[in-house]
Amino acid sequence: MRGRLPDIACEPDAHEGLLTLVALGCGTGLVPRLVLGSSAVRDRLTVLPADPAPERFAIGWCVRRADLRRPPAARLWSLTAQASA
């Protein structure tokens with residue numbers, strides 16, 4: 001299939017929608033490993049190596065200020081701040 005463009009049957013608006021379509025047998029998808037790890041359908045999917053590997057890209061995270069008082073959210077926020085520094 002190299003050098004051939006795939007037929008696009010559907011373009012879901014979110015990663016979980018894409019993973020659900022893949023789990024139903026509607027093709028393949030490319031998502032960040034972070035998304036795959038928290039997906040409700042991850043047990044129904046198989047990870048395949050990509051050759052060549054896609055370029056790295058940034059993952060964004062947002063949180064309400066009030067939630068930063070919760071220890072898990074505060075810790076994750078501090079880790080993301082360290083990673084971007």
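How many residues of the lining of the largest pocket are nonpolar, polar and charged? I counted 27 nonpolar, 4 polar and 9 charged. Here Ala, Val, Leu, Ile, Met, Phe, Trp, Tyr, Cys and Pro count as nonpolar, Asp, Glu, Lys and Arg as charged, and the others, Gly among them, as polar.

I noted that this is a predicted model, where local features need pLDDT of at least 70, side-chain atom pairs count only at pLDDT 80 or more, and totals for chains, interfaces and linings use all residues. Residues are numbered from 1 along each chain as its sequence is written, and side-chain values use heavy atoms, with hydrogens and water left out.

I looked up the volume of the largest pocket, which is about 1,800 Å³. Of its 40 lining residues, the closest to its centre are Thr28, Gly29, Leu30, Val31 and Ala50. A pocket is an open set of points on a 1 Å grid over the protein atoms alone, where a 1.4 Å probe fits, with protein on both sides within 12 Å along at least five of seven lines; lining residues have an atom within 4 Å of a point. The largest share of the lining, 4 residues, comes from α1.

I then checked Gly17, which lies in helix α1 (residues 15–23); helices are DSSP runs (H or I, at least four residues) numbered from the N terminus. Gly17 is partly exposed, at 29% relative accessible area (buried is under 20%, exposed over 50%, partly exposed in between, with a 1.4 Å probe and protein chains only).

Last, I found Trp61 in the loop between α2 (33–37) and α3 (71–84). Trp61 is partly exposed too, at 36%.

Definitions and conventions: Helices (H or I, at least four residues) and strands (E, at least two) are DSSP runs, numbered from the N terminus. Grid points are joined across faces, edges and corners, and a volume is the space filled by probe spheres set on the points.
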